[in-house]
Amino acid sequence: NQQKNMLPVYPGLERFNLVEKMGDGAFSNVFKAYDTKTDRLVAVKVVRKFDMNAHQRANILKEVQIMRQLKQPNIVELYEFFESDEYYFLVLELATGGELFHRIVKLTYLSEDLARHVIVQVAHAIRYLHEEKGVIHRDIKPENILFEPIPIIPSAPGFRPDEEDKEDEGVFQPGVGGGGIGRVKIADFGLSKVVWNEQTMTPCGTVGYTAPEIVKDERYSKSVDMWAMGCVLYTLLVGFPPFYDESIQALTEKVARGQFTFLSPWWDEISLEAQDLISHLLCVDPKERYTINQFLSHPWIKSGEPLVQEQP
Ligand code: ADP
Ligand code: MG
């Protein structure tokens with residue numbers, strides 16, 4: 001069909017049959033593709049070298065280097081990396097549902113149960129990164145949170161066909177209706193960074209020659225992911241972000257002061273536990289902000305059962 005004819009052809013990528021475009025960024029295009037060698041569907045992130053300076057090229061290699069260390073069910077896996085004269089190619093585990101961002105737009109907002117289902121999985125990815133790998137993601141946002149749809153089970157109680165998946169209701173209950181959000185996977189390690197271990201004050205990885213001011217600077221750097229998780233959770237529950245202004249300057253001011261509210265009427269029906277958790281994440285002082293383990297111990301997180309069984 002026409003869509004297919006419009007897909008580009010990349011020299012060096014002959015092993016893969018491109019199926020459709022899944023997303024794009026400043027330098028990259030991401031395609032769903034069929035890998036003829038491994039006989040599976042994958043995502044291929046194609047990065048144009050041409051537009052990039054040396055620093056930006058080095059960043060892609062860093063992204064690859066970090067992703068290679070990671071293996072966790074809530075993180076998109078990097079299968080392979082190779083390059084041609086013109087492009088870098090990252091062969092990634094495919095998240096067939098695409099971006100969480102599009103789901104929020106479609107559903108307006110999520111029920112507390114579904115929001116918990118999503119954010120707990122993001123948290124498991126972050127706990128793995130922070131506690132086991134010493135990695136900060138630094139770009140947690142709905143566009144970089146991908147998902148696998150829940151398989152449609154017509155016999156499930158409350159099942160409605162896709163057409164009746166009403167947008168006007170707003171709330172989408174997991175397991176009800178066509179589709180839904182199954183396993184959540186975080187992507188895009190383009191801004192991620194390896195940091196020092198907070199407890200031992202030793203570098204994660206190699207023994208280095210890093211100066212104390214760097215170590216001090218990085219002591220609370222993991223907290224940037226926790227702030228972002230607060231913004232994501234807020235957005236999941238009401239469908240708009242905690243900080244917004246048409247003027248970039250005014251927005252920057254609001255963020256700097258941590259000036260947000262649980263706006264009525266949108267927050268009226270949402271539990272105080274959810275609001276308490278968000279308040280501990282959108283907290284200006286990084287020393288006060290919840291760590292990933294505090295997040296996972298919070299009553300609101302504990303109050304629900306995960307819908308997707310975690311793999312060991
Ligand atoms: P960028 O650094 O340009 O933001 P990303 O890695 O975030 O690149 O990819 C851009 C977009 O491509 C994502 O927001 C998403 O829509 C899509 N995408 C990326 N990786 C995958 C994947 N593994 N499965 C499905 N879609 C993906
Ligand atoms: Mg991205």
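Biologist: Which residues have the most contacts inside the largest nonpolar core?

Modeller: This is a predicted model. Its largest nonpolar core has 67 residues, and those with the most contacts inside it are V44, V118, I119, V122, M229, L233 and L236. Helix α4, residues 112–133, gives the most to this core, with ten residues.

Biologist: What does M229 touch, not counting residues up to four places away in sequence?

Modeller: M229 touches I119, V122, A123, I126, I140, L281 and F295. Two residues are in contact if their C-beta atoms lie within 7 Å.

Biologist: Why does D188 count as buried?

Modeller: A residue is buried if 20 or more other C-beta atoms lie within 10 Å of its own. D188 has 23 C-beta neighbours inside 10 Å, and therefore it counts as buried. Of the 312 residues of the protein, 32% count as buried.

Biologist: Why does R138 count as partly exposed?

Modeller: A residue is exposed if 12 or fewer C-beta atoms lie within that distance, and partly exposed between this limit and the one for buried residues. R138 has 16 C-beta neighbours inside 10 Å, so it counts as partly exposed.

Biologist: Where is R138 placed, and what is its phi?

Modeller: R138 is in the loop between β7 (135–136) and β8 (145–149). Its phi is positive, about 70°, although R138 is not a glycine.

Biologist: What is the phi of D188, and where is this residue found?

Modeller: The phi of D188 is near 65°, a positive value in a residue other than glycine. D188 is found in the loop between β9 (181–186) and β10 (193–194).

Biologist: Which residues are the closest to ligand 1?

Modeller: The closest are G23, G25, V30, A43 and D188, out of 21 residues that surround ligand 1. The elements β1 (16–24), β2 (28–35), β3 (40–48) and β6 (98–99) each give two or more residues to this shell.

Biologist: How do the residues of the shell around ligand 1 divide into nonpolar, polar and charged?

Modeller: Ten are nonpolar, six are polar and five are charged. Gly counts as polar and Asp as charged.

Biologist: What kind of peptide bond joins S264 and P265?

Modeller: The bond is cis, with omega about 5°. P265 lies in the loop between α7 (248–257) and α8 (272–281).

Definitions and conventions: Residues are numbered from 1 along each chain as its sequence is written. Chains are lettered from A and ligands numbered from 1 in the order in which they are written. This is a predicted model: local features need pLDDT of at least 70, side-chain atom pairs count only at pLDDT 80 or more; totals for chains, interfaces and linings use all residues. A nonpolar core is a set of buried Ala, Val, Leu, Ile, Met, Phe, Trp, Tyr and Cys residues joined through C-beta atoms within 7 Å. Helices (H or I, at least four residues) and strands (E, at least two) are DSSP runs, numbered from the N terminus. A residue is near a molecule or strand if its C-beta atom, placed from the backbone, lies within 6 Å of it.
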